[in-house]
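Here is a short report on one protein chain. Look at the sequence and the fold, then read on.

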Amino acid sequence: MGSTKTMHDVAALAGVSIATVSRVLSGHPGVSATRRRAVLAACEELDYAPDALASALKTGSSKSIGIVIPDITNPFFPAVVKSAEHELAQSALDIVLGDSDNDIGVERQRIDTLLRRRVDALLVCPVHVQDSASALRSAARSTRVLQLDRVALPEADFVGVDHAMGMDQVVRHLLTQGARSGMFLGLHPSMSTIQERAAGFEDACRRHRLTTLRATPLAFPDLAHGRAAARKILDGAELPDAIVCANDDIASGVLMELASVTAKSHPRIQVTGYDDVPAAEIIGLTTVRQPLRQIGQEAARLLQQASDTPRHVRLQPTLVPRDSTTHI
């Protein structure tokens, strides 16, 4: 049905010129609200949609933003993408979403595909702190690139969270709950966020005089590896008062393992996570909440603001105390 209608039909129904219809559909600001509403209503009634690819070839702009994230099943990303999409929609910008599946090669393919579609900008959460830089640097030669949550290219824009602040809140809370030693669990070489959290934890422990045991790296920061690591920690000679996990998935695995050995003589260990996924409240996990809605909004705004210098925006996280530390 939509293919039989033209811009002439939209203009006739809306009672405006074809030029006005074109300006509305291209997101041009110089159109009154009344005429804009009339044009959009006519498009909806006629089921009219312009050919985005043809428009991109003609104008050099697709009015779309490419987004590449590592894992759409991670609760962090849908919330951030939704917020960014709502913000971009106010400027008549669409999003084209790609999932890199935590794979460098797939990430490069997704970026190349979006560039061929002539997206006006790229919003990317890099898979690897070093290996993603090449694809991002190449993309930045032809379009604007903004990094989301993780950093791989220092010279590109970035929006994320102040993880040092988050870890400072964690350490100060643990001290008020009686902890005197702590261990960071989940160190991973590819993710800048986790590296920043580990460094923030170590720095906060030095400043607040919380003894640290050697950080435990994981092959992958998920529940299964978290549980296996907790098993090894419990079998070790020295137990920490607190296990500070790089994310909530790891912390969930740790809590599962601790629950399975409650009948033994192990002392209670405080556990914290990071992210505040929906399940964190259910299991009573003390964690650090990231401002997901604000991250998406700020990323969308930054993409639409030109700058000659890279901008790195870090938003403030919030500690959410729950039973995993407060009822020890």
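The protein chain has 14 helices and 13 strands. Here helices are DSSP runs of H or I with at least four residues, strands are runs of E with at least two, and both are numbered from the N terminus. The model is predicted, so local features need pLDDT of at least 70 and side-chain atom pairs count only at pLDDT 80 or more, while totals for chains, interfaces and linings use all residues. Residues are numbered from 1 along each chain as its sequence is written, and side-chain values use heavy atoms, with hydrogens and water left out.

**The chain as a whole**

The C-alpha trace spans about 80 × 35 × 35 Å along its principal axes. The chain has 328 residues, and 48% of them count as buried. Buried means under 20% relative accessible area, exposed means over 50%, and partly exposed lies in between, with a 1.4 Å probe and protein chains only. Now take contacts between residues at least 6 apart in sequence: 73% of them join residues at least 24 apart. A contact means heavy atoms within 4.5 Å.

The expected span is 1.5 Å times one less than the number of residues.

| Helix | Residues | Expected span | Distance between end C-alpha atoms |
|---|---|---|---|
| H13 | 292–303 | 16 Å | 17 Å |

Start with H3. Its buried residues are Val-39, Ala-42, Cys-43 and Leu-46. Seen down the axis of H3, they fall within an arc of 100 degrees, so they line one face of the helix. The arc is that of the directions from the helix axis to the C-beta atoms. What do the buried residues of H3 pack against? Their partners are helix H1 (7–14) and helix H2 (18–25). On the other side of H3, Thr-34, Arg-37, Glu-44 and Glu-45 are exposed. Asp-47 follows H3 and has a positive phi, near 55 degrees.

H6 comes next. Its buried residues are Val-106, Glu-107, Ile-111 and Leu-114. Down the axis of H6, these buried residues fall within an arc of 135 degrees, so they line one face of the helix. They pack against strands E1, E2 (94–99) and E3, and against helix H7 (133–140).

H13 has twelve residues. Its buried residues are Leu-292, Ile-295, Gly-296, Gln-297, Ala-299, Ala-300, Leu-302 and Leu-303. They pack against helix H5 and against strands E1 (64–69), E3 (121–124), E4 (144–148), E5 (157–161) and E12 (312–315).

Leu-303 sits in H13. Is Leu-303 buried or exposed? Leu-303 is buried, because its relative accessible area is 7%. Leaving aside neighbours within four places in sequence, Leu-303 is in contact with Ile-65, Ala-121, Leu-122, Leu-123, Arg-144 and Leu-146. Leu-303 and Leu-122 are 181 residues apart in sequence, yet their C-alpha atoms are 8.3 Å apart in space.

Thr-309 lies in the loop between H13 and E12. At 51% relative accessibility, Thr-309 counts as exposed. Thr-309 and Lys-82 are 227 residues apart in sequence and 27 Å apart in space, C-alpha to C-alpha.

**The second largest pocket**

Rolling a probe the size of a water molecule over the atoms shows where empty space is left. On a 1 Å grid over the protein atoms alone, a pocket is an open set of points with protein on both sides within 12 Å along at least five of seven lines, where lining residues have an atom within 4 Å of a point.

The second largest pocket holds about 370 Å³ of space. That volume is the space filled by probe spheres set on the grid points, which are joined across faces, edges and corners. The lining has 24 residues, and Asn-74, Arg-150, Pro-221, Asn-247 and Asp-275 lie nearest the centre. Helices H5 (76–89), H9 (192–208) and H11 (248–260) are the elements that give two or more residues to the lining. H9 gives the most, with three residues.

The lining divides into ten nonpolar, six polar and eight charged residues. Ala, Val, Leu, Ile, Met, Phe, Trp, Tyr, Cys and Pro count as nonpolar, Asp, Glu, Lys and Arg as charged, and the others, Gly among them, as polar.

Thr-193 is in H9. Thr-193 counts as buried, at 4% relative accessibility. Not counting residues up to four places away in sequence, Thr-193 touches Asp-149, Arg-150 and His-163.

Key. 1 Å grid on protein atoms, 1.4 Å probe; cavity = no way out; pocket = protein on both sides within 12 Å on 5 of 7 lines; lining within 4 Å.
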